[in-house]
Structures are given as C-alpha cells and as structure tokens.
Amino acid sequence: MKIPYVNLVAQHRPIKDELLAAIGSVIDRGRFILGDEVAEFENRFAELCGTRFAVGLNSGTDALILALKALSVGPGEEVITVPNSFVATSSSINLLGARPVFVDVKEDYNLDPDLLVKAITPRTKAIIPVHLTGRPAAMDAILEVARAHRLHVIEDAAQAVTAEYQGKRVGSFGVVGCFSLHPLKTLNSCGDGGILTTDDPGLAEEFKILRNLGLKTRDNCVVWSGNSRLDTLQASILLVKLQYLEAWTEKRRAHARFYQEHLQGLHQVQMPQDKPWERAVYHTFVIQADDRDELRSYLAQQGIGTAIHYPIPIHLQGAARSLPHALGDFPVTERQSRRILSLPVYPELGEKELNYIVSSIRSFYER
Ligand SMILES: *Cc1c(COP(=O)(O)O)cnc(C)c1O
C-alpha cells in the first residue's frame, strides 16, 4: 500500500467540475483583482470565525506582516512568540525591524502561559500565540496576561480554521487573527492565499489599504505599502471549498480519534490529547515517538509518508544567528523537535489506510 503524507489530487478529484465552473465564471467576467468573489469570501470567512470583518490576502505570511504593521510594531520593540512554529511567525516580526522573544511550549505544542510574564520587558508590544497543529492555544491565560500588561494579541491561526477554545473560534480572541490558505492548510486555495480577521472597523479599513499599495482610493496613496491582495480566482475556489470544510474537518478529527484509540497502550508513542474545552481541527496529527528517525524510515519502507513539523526550532535556525540564543534555551521545544512525527490525517484517508499505518507503527516497535 502507498499512503503519501498529503494527497491534494484526492482532495480535488471529486470537486473538480465545481472548481472549474467557478474559475470559468471568473474568467467570463474578467474581474481578476478584488472581484466580487473576494468580498463574498471575506464575508463568509468572518462569519465562520465569529468576527465582524475579514480581509483577504495573498498569504498567511503577509497576514502576519500587515497585522504587525497596522499595530505599528517596529524597531526597538519586542514581540513574544514560540520557537516551534513555521518560520513565518518569526520572520514577519523581524521584517518589521522588531525582535521575536521566544517562550517555550507545553506538551500540547502551544505557548506555555506560565512562562509569559517573565518574557515581558518595557519594549514588549505584542504576543503572537500560534494555534499549532490546529489546536487552540490557552487563550484565557494569554489574554489575561496581555490585558494586565497592555499588549496586543495577534493570533497566528494559520493551521487552525474553525478550531475552538471554550466554544469560541480562533481568530476572534486577539485584536487580529492571521490565517493562511496555502494548499497544505485545512481550508486551502489552489496556490497562495491568506486572510485577516478582526472586530475593529478601523483596523479592517487599514488592512484593505495596506494590502493594496497604501491606496485609499484609486489615485490616493496614504501610506507606503506593498501588494498583498487575494486573487479573485483563488477566492472563487475557496468559496467552493468552504461548503466542504466542516465535513473535511470532522473527518480529520475522526482520524485523530482512530489513532488515539488504536495506538493506545503503545508506551513508545505519545499522542496528542483533546481537552473538553477545545475543538482541535488537526491540521497535523503529531505524535512523539521513541526512535523517531528509525520509525520514520521504517514507515517510508512500508510506503507511508510522514513529515516533521518542525525539525529545527526557530531559535536554532541560521536566520536567527543574531538573536542571543543557544541550544538548551527552550528545552521542551528542543526535545519535541527530536521526537515529533506528523502522521497522515487528511480527510480522504480511509479506514484501510489508517489500519495499515497503525499496524505498521505497532510492528516497528514489536520487531
Ligand atoms: C503556513 C503558516 C504560516 C504562513 O502562511 P503562508 O500562507 O504559507 O505564507 C504562518 N504561520 C503558521 C503557523 C503556518 O503554519
């Protein structure tokens, strides 16, 4: 059996006609830049997240950059985040001339709120919790610290569309939520895409100006900015996929439960656990495994693709060499980086494939 780690071909096969019709309709009308589908997708996405506004962008990375820019984060300032995210969380902070200050994570891969206060200095401007793997970060504790210290909270919700914390959806906790619509995210365009959520009408207006070269009207530029617009074609594709998102997400969650049940009792493998107050959407299903690299090679020999999110913590990346960090600074992240393994969890997997993955993992440890 061959089970790739991701399978976008399988995702698109059953909806290809619908997608082609949507693309065809955009081509027939010729409004490729900020056409009707962009506004319609923004409205639907805001509704999905329980926020007043959403602003479509070209990527999740630009969502983070524009969020920081709109909140005037700049040189000499610090932004607290985690060292175990995709690099975009930290690169966006650096690109604005500010400095990322890392806080280690807990066993659920998310920011440890008990370490937050110690990381705050007079230069701290914002906190960017990441809802890694599609599991919400501990938003009540994070918001409490942020309020007490008057810090902005920007959610990096790139992996977590429709994840919930205490019944409330991610992207609606902070002053702004940043989402990616990259092909590998749970709500995905056929190319790059991103979106911002906020309840603040002033910020929403500013995001629309910032994504469009600082143009307030066609001819009036009020601030220097770049081009971060979401394509109409991608918005039309996303509107089709939005109809399937809930069913796809429930499949991911069911696959996660399957792994949790069928790998139970295997002491070499630690699995993610759901808390009653969370809805995790399982962008990734990340186990921690003894002999991780050997397990990964063994699974590859059995035809099973896996991935590691992420093998090199951000503070140990070459790009972070100017930051005052060394091996040992964030022990939980570092230990996890040597043990984590992402198993296939996409909706199109069937029970036969899941059984095969589980029995292959068991046979590796029983060899
Ligand atoms: C994917 C991702 C991003 C960046 O999104 P792009 O759309 O690829 O630019 C940012 N943060 C996290 C946590 C991500 O997973």
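**Close-up views of a predicted model**

Gly-56 is buried, its relative accessible area being 0%. This value, like the others in these legends, is computed from a predicted model.

**View 1. Gly-56 in strand β1.** Gly-56 belongs to strand β1, which covers residues 53-57. With a relative accessible area of 0%, Gly-56 counts as buried because the limit for that class is under 20%. Phe-45 is 11 residues from Gly-56 in sequence, and the two C-alpha atoms are 9.2 Å apart in space.

**View 2. The shell around the ligand.** The ligand is surrounded by 17 residues. The closest of them are Gly-60, Thr-61, Asp-156, Ser-180 and Lys-185. Helices α4 (60-70) and α5 (88-95) each contribute at least two residues to this shell. The largest share, 3 residues, is supplied by α4. By residue type, the shell consists of 6 nonpolar, 9 polar and 2 charged residues. The space that the ligand takes is the largest pocket.

View 3. Which part of Gly-60, backbone or side chain, lies 2.8 Å from an oxygen atom of the ligand? The atom is a backbone N or O atom of Gly-60. In the case of Gln-159, an N or O atom in the side chain is 2.9 Å from an oxygen atom of the ligand. The side chain of Lys-185 also has an N or O atom at 3.0 Å from an oxygen atom of the ligand. Taken alone, the ligand exposes 380 Å², and the protein buries 93% of that area.

**View 4. Asp-62 in helix α4.** Asp-62 is part of helix α4. The relative accessible area of Asp-62 is 18%, so the residue counts as buried under the 20% limit. Lys-106 is 44 residues away from Asp-62 in sequence, and their C-alpha atoms are 27 Å apart in space.

**View 5. Asn-110 and its contact with Arg-135.** Asn-110 is located in the loop between β3 (99-102) and α6 (116-119). At 1% relative accessibility, Asn-110 is classed as buried. A polar atom of the Asn-110 side chain lies 2.9 Å from the backbone oxygen of Arg-135.

**View 6. Thr-133, a residue with positive phi.** The phi angle of Thr-133 is positive, about 70 degrees, although the residue is not a glycine. Thr-133 sits in the loop between β4 (124-127) and α7 (139-148). Is Thr-133 buried or exposed? Its relative accessibility is 7%, so Thr-133 counts as buried.

**View 7. Leu-213, with phi near 60 degrees.** Leu-213 has a positive phi, near 60 degrees, and is a residue other than glycine. The loop between α8 (201-210) and α9 (232-262) contains Leu-213. The relative accessibility of Leu-213 is 36%, so this residue counts as partly exposed.

**View 8. The cis peptide bond at Tyr-310.** The peptide bond that runs from His-309 to Tyr-310 is cis. Its omega angle is near 10 degrees. Tyr-310 is found in the loop between α10 (292-301) and α11 (331-339).

Note on methods:
Residues are numbered from 1 along each chain as its sequence is written. This is a predicted model: local features need pLDDT of at least 70, side-chain atom pairs count only at pLDDT 80 or more; totals for chains, interfaces and linings use all residues. Side-chain values use heavy atoms; hydrogens and water are left out. Helices (H or I, at least four residues) and strands (E, at least two) are DSSP runs, numbered from the N terminus. Buried means under 20% relative accessible area, exposed over 50%, partly exposed in between (1.4 Å probe, protein chains only). A residue is near a molecule or strand if one of its heavy atoms lies within 4 Å of it. A polar contact is a pair of N or O atoms within 3.5 Å; within protein, one must be able to donate a hydrogen and the other to accept it, and residues adjacent in sequence count only if both atoms are side-chain atoms. Accessible areas come from the Shrake-Rupley method with a 1.4 Å probe; for residues, only the protein chains shown count as cover. On a 1 Å grid over the protein atoms alone, a cavity is a set of points where a 1.4 Å probe fits but cannot get out, and a pocket is an open set with protein on both sides within 12 Å along at least five of seven lines; lining residues have an atom within 4 Å of a point. A molecule sits in a cavity or pocket if more than half of its atoms lie within 2 Å of its grid points. Ala, Val, Leu, Ile, Met, Phe, Trp, Tyr, Cys and Pro count as nonpolar, Asp, Glu, Lys and Arg as charged, and the others, Gly among them, as polar.
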